[in-house]
Amino acid sequence: MKRVDATDNGAAGPRRTQGEGPVGRLITLGGVLTAAALMILALIESTRGPIGVDRGGYHFESLAEDIIPRNPESCAALACIALVLTPLLRLVWIAIMLSRSKRFGFACAAFGVIMILTGGLFFLWNSPPVR
Amino acid sequence: MDILQITELVAAGFGAGTVGAMLGVGGGMIIIPILTTAFEFQFEHARATSLFAVIATSSGVAVATGKERFGNLRLGVLLSLPTALVAFLNAWLAQGFKASVLYLLFSVILIIAGILMWRPDPDERALSDNFHNGGVAGPFDGSFHDPKFKKNINYRVRNVPAIMGVSCIAGGVSGLLGVGGGVFQVPAMAILGGLPMRAAAATSNFLLGITAAASLPFYMARGQVRPVETAAVVLGVLLGAFFGSWIAMKIHGNTLRRLFIIVLGALAYQMFRKGIQ
C-alpha cells in the first residue's frame, strides 16, 4: 500500500487501470478472425455433402491425421481450437506485461492460470478416445 | 448439413447473442435451452457449444472495448486463478452427473439468475466515484474514463475474498453447466466489491473466456463437441453480440430485462420438465 499519486486527470486517486495494449488486442482479434474464417469455410464445405461422422460428436484426435483439414468437421474443429487458444495466448501476453511492470504477484497468478489451461490441453491430447 | 439447418442454427445463435448483449448476460442461458429443446441436442453437446459461444463473445467484446480499459486487469487475473481451477475440476466431475440431474440444476440456475436480474442496475452515479481524495491506494483500486459521464472514474475495490468466493461459484457453474457465470460475477463485483458497473462487466467478461477455456478441453477430449453445428451457432452469437451492443443504446433496459425474466421462467420450466422425464 502506498500514498496516492496525482492521476492523469489531476485529482487524487489510483492510476488509470492497466490495459492489455495494442498487442493484447491484436492477439485476441487474430484468434477471433482465424476462428471465424475457419468456421465460415467449414459451413460452406458442409453444405456440399453429408458429414461422414455419426451424430455423436467429433473426436479431436482425428485432427492429427488431417492436419490440413479437408472435411468440414476437421475445419470446424480447428476453429474450435483457435477459439480455445485465444484466451490462453491473451493471458500469456498479460502475464508478460505484468512482469514488465514489476507486478510479479499478479504475473504469477496469470502463469498459474496458464498452467491450468495448458494442463487442460495436455489432457485433451493425451486422453484415450471416448466413443 | 443443409443450408436450412445452418441458417436455423445461425439464427438461434444470433438471437441468443443479441439478447445476451442487450441484457449483459452470456448467451449460454439462452443457447442451451434452445439447442436442447428446438434442435434436440444432448445436454453435453449443448454445453460445449455454449462454452465456445462464451469464449467468442468474451473475445469479441475485448476487441471492441479493450481500448477503453474499463476492465480491472489485476483483479481479473487474481480472480481467474481460483475460478479457472474450480471450472477445470467441475468439468472433470461433470462427467459423473446424469443428464437429468444437469437439467434440474440448470433450471435452478435459471431461476436464481432471474431473481438476480429482477433488481434494476444500481445507479451508476452512486457507485462510480467511491474514491475519496487523499485516500490510500490499494492494489486493486482502479480508474477509467467514462464516456457516458465524460469524466475519469476512480474507484476502490472492497471485499476481494468475498468476490473471489462468488467467482469460484460462477466458475463451478460454468464448468458443470456450460453457462458463462457473468450473472453471478457482475453483481458480486458491483455490490460486494464497489466496482462501477462498467468496470465489473468488463472484468467479468475477461474472466468468462478464461473460465470457459479451462473447462472445454474435457468436453473436447470426450467427443462432446459437434464442430460444424458449433461453428454455425458461434458465428450467429458473434454477429448477435455486435448487433445487441448497438441496439442496447436505443432501448430501455429495465422493461426488456423484466420481459426476459419471464422468458427465463419458461425456459426453467422446460429444463425442469426434461430433467424429471
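Helix α2 (residues 28-37) and helix α3 (residues 43-65) of chain B pack at about 145 degrees, their axes 9 Å apart; axes are lines fitted to C-alpha atoms over the stretch in contact, and angles run from 0 to 180 degrees between N-to-C directions. This is a predicted model, where local features need pLDDT of at least 70 and side-chain atom pairs count only at pLDDT 80 or more, while totals for chains, interfaces and linings use all residues. Residues are numbered from 1 along each chain as its sequence is written, with chains lettered from A and ligands numbered from 1 in written order.

Who touches whom here? From α2(B), G28(B), I31(B), I32(B), L35(B) and T36(B) meet F43(B), A46(B), R47(B), T49(B), S50(B), A53(B) and V54(B) in α3(B). Contact means C-beta atoms, placed from the backbone, within 7 Å.

Now step back to the chain. Chain B has eleven helices and three strands, taken as DSSP runs (H or I, at least four residues, for helices; E, at least two, for strands). From the N terminus the order is α-α-α-α-α-α-β-β-β-α-α-α-α-α. Of its 277 residues, 62% count as buried, that is, with 20 or more other C-beta atoms within 10 Å of their own.

Beyond its neighbours within four places in sequence, V113(A) contacts L91(A), S80(B), L81(B), A84(B) and I210(B).

Key
Contact = placed C-beta atoms within 7 Å. Buried ≥ 20, exposed ≤ 12 C-beta atoms within 10 Å, placed from the backbone.
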